[in-house]
Amino acid sequence: MTAVGRALDRVEARAKVTGRAVYTADVAMPRLAHAALVQSEVPHGQVVAESLLRATEIASAAAGVLRVITPLNCPPLKPPPRELSDDMPLERRPPLSDLTVQHVGQHLAVVVADTLEQATYGASLMAIEYETLPAQLSARDVLSAPAAADDGDGQLRHGAYRPDHFVKLDDEKLQDRRGPNDEPTQGIKVESRFSTPINAHYPIELAATVAAWDGDVLVVHDTTRWITGERQALAAYLDMPEQNIRIVAPLVGGAFGSKSFLWMHVALCAVAAREVERPVKLVLTRNQMFSSTGHRPRTEQHLTLVAGADGAIASTEQHTVTETSTVAHFCEPAGLSARFLYQSPRLVVSHTVARTNTPTPCFMRGPGEAPGLFALEVAIDELAHATGIDPVALRMRNDADVDQVSGRPWSGKHLRQCYEQGAERFGWDGRPTAPRSLRRGDVQIGWGMATATYPGRRMPASCRVTTTADGIVRFASATHEVGTGVRTVMSQVAADATGLPLANVRFESGDSSFPHAPYSGASQTTATVGSAVHAAGLQWRKRFGERHPGRNGAAAVVAALRTGSPDLLDELTFTVSSDGRGEHGSVSQSFGAHFCEVEVDEAIGRVTVTRWVAVVDCGRVLNPKLARNQVMGGVLFGLGMALMEQVPYDPRTAQVIGEYYVPTHADVPDFDIGFVDAPDFGLDPIGVRGIGEIGTCGVPAAIANAIFHATGKRLRDLPITIEALMTPFDPEQTDA
Amino acid sequence: MPEAETSCRIVELTVNGGARRATVDVRSTLLDLLRDRIGLTGTKKGCDHGLCGACTVTVDGERVLGCLTLAASIDGSDVVTVEGLADGDELSALQQAFVEHDGFQCGFCTSGQLSSAHALLREHTRGDLSAASFEADRGAASCGRVCLTNDEIRERMAGNICRCGAQANIVTAIAEVGRGRA
């Protein structure tokens, strides 16, 4: 029996339920000092130097305070590598480099003290004054005013721009068109405007760093999901060789796209440790997490579909306006899915990014897909309503057999099965077409659905195998256990590839001394690191077979290791690398279908999601227990986005003036999660595509469509709150 | 506030059955005392202002938020943390059910979820009601004998946030243990 495919418990499960699992903030060291950040309270302006000097003097005199580091005394940090800042969201400007303020929450000082209480109190004494400047807080502000010139050697940029492609992915075009120039004048047209707010990743683990110097060598324990990128960024900031930096990421308490790129506070913690000549711990506060670890930026999307009476789409346009900071580059790529998801002879997609005086955004679970499929999949529902065609039938009618962008086939696409199985499991056949048809007691009932899609991605990675005389074979890679179960599923892959029992393999992650792995993001880790582990395991089996031909059976193999010579163990200790995805002639993409039921109590504006069916086509499922958990988590992430999540910035002061609501136990529907479970060997030799994000994609649309079915209200602005449901509904107002 | 900077108290606690004595800054929370001074880092800081439930521990038999409890305010109390839930190597029934039903992903909220889950079972056994009790069967609620339905569990666990989204598995784990007791 293979290890892959079994519903195994997580390898670190016991540590997690007994409190023995170690996360960054749990790391203790002798003489550990504590740091607290001081951050700007205005969105644009200049710190008054005299006030900073005075505040520094007062805070420095407080009990236990060891050092106050500000732009006036911070050893200058070098700019970060351009390859991380030009098309990735690493800020171009090093932290504490000058007295200009570009957004609320910009780091202005670090207070280091003997205890956390002393550091926190010291930071509270930092009364800083500003010469304020007018701030541009929204895309509208930026687009309606002439752009200021770049500043600080291009570190500060203003105005708006239209990026060609998403991050470093040349073929994921953010400005794209195909087919005739003009929109067809005949047919049924749906034209709508959608908006999505600022969302926060909100991992329950706060970002934490423990930095310690040993001579010229820096060891950083950090809550990061990109060890090798962080090492590269720190080496640049601190102007030191990468090999003198070791990054350790113990278990990471959730990331969802954060805990990467925004490493300014990590660099400051390292500086603080060097200045006070002691190890320093810095843990961001929950409020600092909103401004200092990234967020999903706002989008405004205009979407137009034109179709024939038979529902065949003739034209799709999706135009997105989104926001980044003045100090970093990021574009929420909302329009990417529209390029291929439904057959559409004519297509126009555009993205405009406005640089605002707000903190730097970054990737968040389903970057692009989460807000983009909200607009596209609601628009498809509007088209279904306009044509009188069932929403599932309309999607099947427009299903694309090949990737329209490249003309190439899919490496494995089973979307029709997702629709069919999902509809059957949900009981979609019984759905009355007209809105407001279903009622249960005092509440309206609505059924909605949406398509999910997310790319199958893979990058190069390496894996080290170490064989020891205790019969244990350890696989190690500089990847991260952020809660996805990578240690568990990699152990399963390693066991099958080597032929060893699960008890005799381990998978270790979270240390820059391990061979290279990319960031844990973009749903790529299982395909990426799994390919390296698989190759390493096969190599291990081959090497063992050459030394012990004919020795078969797990018990015999383990016995041979226990009695093996050092020479054998050496032979079975090595490192292998695997490539990124080659050009196989096919395109890898995951798909899925979401179906849900909502109850809407119109008297009090309350929406309850009661039932959820998701069927996902994500290649081979390595561990059904963990995969089901991941998809349920993805759905809840989308449920929060649909109904409650928005960072409550005050539009005038740019301050966060409320709390960020996320789903609780009381908001969870009954789940029925299914997988097509068809291996996709076009992407990698283990047949997987990632599942970290597909669960979220399409969820807000399925809920909004269900709310329409329940109430007849087409609500196109997220989140759909009580206020939105209680406001007298004017269908004209939300149309484009 | 110069006094505040230097003011300390001696606190004596029983933690997971063992006597502890510590000099604490009056500004220290129970959470920071447990983690930074006593070295019991199983209890987690997720927000430090009573929103997320990750720091839930038991003080004198009741669940409290460690981040909203000043250490100096509970002198003489009996504290149980996640490290005190197992009997040596033998996991509690709830810990075992969390493992089997995969009641977590990243694991950061898990200590708080488990502390709350243990408290939930004690509270239900002694007849405590929840908001959900009155939405279901008011008759049963009025005599204080409500069934531990999934809705009851969801309501009673609503103060413990899991951002990974393992809630459905957590509820399954608690329901299995809770119904086994009934």
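## Burial and overall form of chain A

A residue counts as buried if 20 or more other C-beta atoms lie within 10 Å of its own, with C-beta atoms placed from the backbone. By that criterion, 59% of the 736 residues of chain A are buried in this predicted model. Chain A contains 19 helices and 27 strands.

The radius of gyration of chain A is 27 Å, which agrees with the value near 27 Å that a compact globule of 736 residues would have. Along the principal axes, the C-alpha atoms of chain A fill a box of roughly 80 × 75 × 50 Å. Among contacts in chain A with a separation of 6 or more, 82% join residues 24 or more positions apart.

## Confidence

The model has an ipTM of 0.97 and a pTM of 0.97. For chain B, the average pLDDT is 94, and 96% of the residues score at least 70. Residues 1-5 of chain B have a pLDDT below 50, and this stretch makes four contacts in the model beyond near neighbours in sequence.

## Domains of chain A

Chain A is assigned domain 1 (24-134 + 204-254 + 259-292), domain 2 (299-457 + 585-734) and domain 3 (458-578). The C-alpha centres of domain 1 of chain A and domain 2 of chain A are separated by 37 Å.

Contact between these domains involves 19 residues of domain 1 of chain A and 16 residues of domain 2 of chain A. On the domain 1 side, helix α8 (residues 286-292) of chain A provides the largest share, three residues. The side of domain 1 of chain A that touches domain 2 of chain A comprises seven nonpolar, seven polar and five charged residues.

## Domains of chain B

For chain B the assignment gives domain 1 (2-84) and domain 2 (93-181). Between the C-alpha centres of domain 1 of chain B and domain 2 of chain B the distance is 24 Å. In this contact, domain 1 of chain B contributes 13 residues and domain 2 of chain B contributes eleven residues.

Strand β3 (residues 56-59) of chain B gives the most to the side of domain 1 of chain B that touches domain 2 of chain B, namely three residues. By class, that side of domain 1 of chain B has five nonpolar, six polar and two charged residues.

## Interface between chains A and B

The contact between the chains takes 49 residues from chain A and 50 residues from chain B. On the chain A side, α1 (13-18), α4 (116-124) and α16 (624-643) each supply at least two residues. Helix α16(A) gives the most to the side of chain A that touches chain B, with eight residues. The residues of chain A that touch chain B divide into 25 nonpolar, 13 polar and eleven charged.

## Helix α16 of chain A

Helix α16(A) has 20 residues and, at 1.5 Å a residue, should span 28 Å. The expected span is taken as 1.5 Å times one less than the number of residues. The end C-alpha atoms of α16(A) are 28 Å apart, which agrees with that expectation.

Of the 20 residues of α16(A), 18 are buried, so the helix is largely enclosed by the rest of the structure. Helix α16(A) is also the element that gives the most to the side of chain A that touches chain B.

Terms used. Residues are numbered from 1 along each chain as its sequence is written. Chains are lettered from A and ligands numbered from 1 in the order in which they are written. This is a predicted model: local features need pLDDT of at least 70, side-chain atom pairs count only at pLDDT 80 or more; totals for chains, interfaces and linings use all residues. pLDDT is the predictor's confidence in each residue, from 0 to 100. Two residues are in contact if their C-beta atoms, placed from the backbone, lie within 7 Å. Domain bounds come from an automatic or database domain assignment. Helices (H or I, at least four residues) and strands (E, at least two) are DSSP runs, numbered from the N terminus. Ala, Val, Leu, Ile, Met, Phe, Trp, Tyr, Cys and Pro count as nonpolar, Asp, Glu, Lys and Arg as charged, and the others, Gly among them, as polar. A residue is buried if 20 or more other C-beta atoms lie within 10 Å of its own, exposed if 12 or fewer, and partly exposed in between; C-beta atoms are placed from the backbone. The radius of gyration is taken over C-alpha atoms; the globule rule is 2.2 Å times the number of residues to the power 0.38.
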